[in-house]
Amino acid sequence: MSIAASVALPATLTCYPRYPLLTGPTPLQRLDRLSDLLGGPRIHIKRDDCTGLALGGNKARKLEFLVADALAQGADTLVTVGALQSNHARMTAAAAARAGLRCTLVLQDRLPDAPASHREGGNIFLDGLLGADVVVVPAQESLDEVLAVQVQALREQGRVPYAIAAGGSSPLGALGYVLAAHELLEQAADAGHRVDAIVLATGSAGTQAGLIAGLVQAGHAAAVHGHCVSRPAAQQTDKVQELASSTLAALGLPAQLADHVVHTDDRQIGSGYGHPTAAMCEAVQLLARFEAILLDPVYTGKAMAGLIADIRAGRYTREQQVVFIHTGGSPALFAYRWAFAGSAEEETP
Ligand SMILES: *Cc1c(COP(=O)(O)O)cnc(C)c1O
């Protein structure tokens with residue numbers, strides 16, 4: 001496979017306004033110590049934990065498009081939903097602060113048995129610091145309903161709310177990752193290496209869907225492996241497929257995706273969204289100690305655990321080049337100290 005020459009972005013992308021939130025392209029770095037340790041493919045990491053907005057993360061890329069749309073519609077308040085330790089909620093609060101908007105976050109408590117630090121520290125502490133109004137609700141099935149109720153309540157107060165779907169994963173939000181796919185291919189070409197596979201955590205699906213749409217548009221054949229954090233693989237595949245198609249449609253491109261384009265794997269979920277696993281703890285510690293990279297307990301720790309398991313199972317050759325997307329989330333580490341208790345002194349392999 002040749003190194004991709006750079007392909008122009010679709011002209012239709014420029015029809016969508018963007019509110020600048022990123023500080024610039026995020027670094028693409030080599031993980032040589034980790035690659036040597038695991039004896040598998042060359043691993044690179046795309047540092048989307050360094051997007052530059054209030055401790056970073058993937059949601060900044062989506063919010064550039066969503067905030068621009070909110071401003072165009074004359075909204076005065078961003079409203080979104082998530083878990084107590086949602087990175088998306090924290091970044092929405094940050095984006096609102098930057099754009100001079102107010103922000104209401106509806107957060108559900110999905111780990112009621114976790115210690116108080118889980119309810120007070122990490123992202124939720126930052127939400128308050130960034131000036132957001134936080135409403136905590138018990139865990140429930142439909143976040144869409146909760147969002148609709150909050151939007152209505154704000155309207156009754158005379159506000160002009162702009163609702164952002166969980167994770168910012170609409171076709172508009174996913175455009176942020178169409179751009180990211182191009183950024184990544186260009187950086188890899190500049191560094192003189194191929195991109196054989198891309199590995200990431202997949203939740204509300206916008207990141208994986210946007211990357212796939214970007215690669216399809218660029219005619220690039222890299223496989224995108226999404227490690228599920230919240231739902232079974234079959235459901236996640238449908239979600240990614242649907243969103244990638246509607247993202248391509250939003251760009252005026254053919255929306256038909258071949259069946260084999262979307263890869264998802266749900267073997268790292270453990271007991272569910274936000275529930276720690278031993279493999280996640282091992283992956284977080286390994287990256288900290290071998291590369292000084294801080295992953296997160298909910299998304300990237302599980303995705304890296306999936307990559308490590310695949311390498312140990314011989315899925316990749318030594319000649320392959322794999323890019324892991326660090327989608328952010330390290331602020332949640334401060335609300336998950338309890339999950340690492342007892343494993344802190346364990347030997348790394
Ligand atoms: C939201 C999030 C993801 C998942 O991205 P989706 O677009 O929701 O699939 C991955 N990692 C981190 C740290 C996140 O906050």
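Author: Start with angles. Those under 35 degrees count as roughly parallel, over 145 as roughly antiparallel, 65 to 115 as roughly perpendicular and the rest as oblique. Axes are lines fitted to C-alpha atoms, for helices over the stretch in contact, and angles run from 0 to 180 degrees between N-to-C directions. This is a predicted model: local features need pLDDT of at least 70, side-chain atom pairs count only at pLDDT 80 or more, and totals for chains, interfaces and linings use all residues. Residues are numbered from 1 along each chain as its sequence is written, and side-chain values use heavy atoms, leaving out hydrogens and water.

Reader: Fine. How do H3 and H5 cross?

Author: At roughly 15°, with the axes of H3 (residues 87-99) and H5 (residues 122-129) coming within 9 Å. H3 and H5 are therefore roughly parallel. Helices here are DSSP runs (H or I, at least four residues), numbered from the N terminus.

Reader: Which residues make that contact?

Author: Asn 87, Ala 89, Arg 90 and Ala 93 from H3, and Asn 123, Leu 126 and Asp 127 from H5. Contact means heavy atoms within 4.5 Å. By class, that gives three nonpolar, two polar and two charged residues. Ala, Val, Leu, Ile, Met, Phe, Trp, Tyr, Cys and Pro count as nonpolar, Asp, Glu, Lys and Arg as charged, and the others, Gly among them, as polar.

Reader: Now H7 and H8. What angle do they pack at?

Author: About 55°, with the axes of H7 (residues 171-191) and H8 7 Å apart. That makes H7 oblique to H8. H7's side of the contact includes Tyr 177, His 182 and Leu 185, and H8's side includes Thr 207, Leu 211 and Gln 217. The contact residues divide into 10 nonpolar, six polar and no charged.

Reader: And H8 against H9, how do they cross?

Author: At roughly 50°, and the axes of H8 (residues 206-218) and H9 (residues 233-250) come within 8 Å. H8 and H9 are therefore oblique too. Among the H8 residues there are Ile 212 and Val 216, which belong to a group meeting H9 residues that include Leu 243 and Thr 247. This contact has eight nonpolar, three polar and no charged residues.

Reader: Is Cys 15 buried or exposed?

Author: Exposed, at 59% relative accessibility. Cys 103 is buried, at 3%. Buried means under 20% relative accessible area, exposed over 50%, partly exposed in between (1.4 Å probe, protein chains only).

Terms used
Helix = DSSP H or I, 4+ residues; strand = E, 2+ residues; numbered from the N terminus.
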